[in-house]
Structures are given as structure tokens and as C-alpha cells.
Amino acid sequence: MAGAVVTMSGVIGLGLAIPIVGGLIPEQSSASGTWSPLTKVELGELETATQKPVRLSFSMTTKDAYLPEETMEDYVWGIKVDPARFQAARPDIFNGAGGKADVPYGVVNMGFVIFSPLCPHLGCRYQWDSSAGQFHCPCHGSVYNFDGAHLSGPAPRGLDPLPLREQSGIAQLMWIRYKSTTPDRIVISYQS
Ligand code: FES
């Protein structure tokens with residue numbers, strides 16, 4: 001995607017946070033999708049955001065059987081976090097032995113967490129309500145706090161984290177779709 005790069009200075013800045021969060025990051029993600037770059041401008045917003053999520057745009061290429069390859073625009077939500085505080089705030093993710101995450105990749109990367117934009121209830125797109133300081137889903141009223149923890153409504157779990165990495169000076173995310181309506185995170189599909 002044109003312009004979808006992060007400057008090296010930005011990456012160096014991000015790199016300062018890596019040792020702090022290293023305990024939450026596996027050496028290598030074992031998720032098996034492909035990676036999409038994030039835009040430099042929006043990632044810059046995320047670097048400076050506190051207690052305010054940032055909507056991050058990206059493009060992904062899909063190929064269905066005999067149909068031509070197609071590029072789709074989508075978005076995710078990103079938050080800037082203190083790793084220890086975030087882990088304490090999301091027991092629905094870090095629920096394995098010794099606080100191990102229930103997803104096969106680092107949840108906090110470079111000091112950020114990326115959320116799927118799909119509500120874990122039935123997959124609607126939730127939005128950030130800045131006056132309430134919460135994420136609200138318009139479909140059936142599920143509410144999540146800044147950390148994505150489920151506060152109220154019919155959703156069975158908190159917001160789903162997605163993989164994030166830096167590769168050759170470019171910040172990239174992986175799109176994963178999780179099954180809705182279940183307390184456990186069950187992968188339905190990866191971007192491939
Ligand atoms: S899809 Fe979000 S509350 Fe139902």
C-alpha cells in the first residue's frame with residue numbers, strides 16, 4: 001500500500017519499548033496468516049495517544065477460487081498500553097498457566113495492542129465513544145473499556161487482540177477472524 005510505511009526513526013522510538021514488553025512477546029508468532037502494513041500517519045497517532053484508541057487503516061489482498069485477486073480496505077483499533085497493567089486488565093486473554101495468553105502470538109507488541117474491529121458477540125463493528133471512554137457495539141449493546149475488557153451486554157468475551165510486528169522498518173498486522181458467541185478464542189480464518 002502506497003505510503004504505508006513507518007519511518008526508521010519511528011521504529012527506533014518503538015524499539016525503546018521492546019525490552020520492557022519482551023516478557024509478553026513470544027520469539028516468533030505462530031499465527032499463520034499474511035501481514036499487512038499500517039500507515040505511517042496513523043501509527044504516529046498511536047505512538048502519542050494515551051487513553052484514546054486510534055483507528056488504524058490497512059489493505060489486504062484476497063483471492064477466492066477462480067475470482068481475480070482483490071484488494072480490500074479495512075481497519076482495526078490500536079491502543080498504547082503499559083504491558084503489566086494490560087495483562088492484569090484482561091484475564092480473558094492471559095488465562096493460561098503463569099498468565100500465558102490464549103492466542104499463539106504476542107498480545108502486547110512495541111507497547112501497543114491491536115484489536116479486531118469485530119464485536120465478539122455476533123461480529124458487528126463497534127465504535128469508540130469518547131464521552132464515555134468506552135467501546136460500544138450498536139447491534140446489541142455490548143460495552144468494552146479502553147483495554148477491550150467486556151463490561152456489559154451479550155458479548156461472551158473481551159475484544160480480540162491481533163498480531164503486530166515491525167519488519168524492515170514497517171509496522172505490520174495480521175488479520176485473523178475469531179468465532180463469535182464463544183468465551184474461547186477459536187480461529188475461523190486468517191488473511192492468506
Ligand atoms: S454484535 Fe455486538 S453486541 Fe451483538
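Met110 is buried, because 25 other C-beta atoms lie within 10 Å and 20 or more are enough for that label. The structure described here is a predicted model. Met110 belongs to the loop between helix H4 (83-89) and S4. The phi of Met110 is near 60 degrees, a positive value in a residue other than glycine. Most residues other than glycine have a negative phi.

Ser168 also has a positive phi, of about 50 degrees, although it is not a glycine. This residue sits in the loop between strand S10 (164-167) and S11. Is Ser168 buried or exposed? Ser168 is exposed, because 9 other C-beta atoms lie within 10 Å and the label applies at 12 or fewer.

Thr50 is another loop residue, placed between H3 and S2. Thr50 is exposed, with 8 other C-beta atoms within 10 Å. In sequence, Thr50 and Val81 are 31 residues apart, while in space their C-alpha atoms are 8.1 Å apart.

| Residue | Other C-beta atoms within 10 Å | State |
|---|---|---|
| Met110 | 25 atoms | buried |
| Ser168 | 9 atoms | exposed |
| Thr50 | 8 atoms | exposed |

**The sheet of four strands**

An open sheet is formed by 4 strands in the order S2-S3-S4-S9, with antiparallel pairing. Its edge strands are strand S2 (54-62) and strand S9 (161-162), each of which pairs on one side only. S2 and S3 are joined in the antiparallel sense over 9 bridges. Within this pair, Ser59 stands opposite Glu73 in S3.

Strand S3 (residues 70-80) also pairs with strand S4 (residues 112-115), again in the antiparallel sense, over 4 bridges. Ile79 has Val113 in S4 as its bridge partner, and Lys80 stands opposite Phe112 in S4. In a regular strand the side chains alternate between the two faces of the sheet.

Helix H3 (residues 40-48) lies across S2, S3 and S4. The helix runs at about 145 degrees to S2.

**The sheet of three strands**

Another open sheet has 3 strands in the order S1-S11-S10, and its pairing is antiparallel. Strand S1 (35-37) and S10 stand at the edges with a single partner strand each, so one side of each has no neighbour in the sheet. Neighbouring strands here are turned by 40 degrees against each other on average, direction ignored. S10 and S11 pair over 4 bridges in the antiparallel sense. Leu164 has Leu173 in S11 as its bridge partner.

**The nonpolar core**

Which residues of the largest nonpolar core touch the most other members? Of its 37 residues, they are Phe112, Val113, Ile114, Leu162 and Leu173. The elements that give two or more residues to this core are H3, S2, S3, S4, strand S11 (170-174) and strand S12 (176-178). S4 gives the most, with 4 residues.

Leaving out residues up to four places away in sequence, Phe112 touches Leu46, Gly78, Ile79, Lys80, Val81 and Leu164.

Terms used: Residues numbered from 1 in each chain as written. Predicted model: local features only at pLDDT ≥ 70, side-chain atom pairs only at ≥ 80, totals over all residues. Pairing = 2+ DSSP bridges. Contact = placed C-beta atoms within 7 Å. Axes fitted to C-alpha atoms, helices over the stretch in contact; angles between N-to-C directions. Core = buried A, V, L, I, M, F, W, Y, C linked by C-beta atoms within 7 Å.
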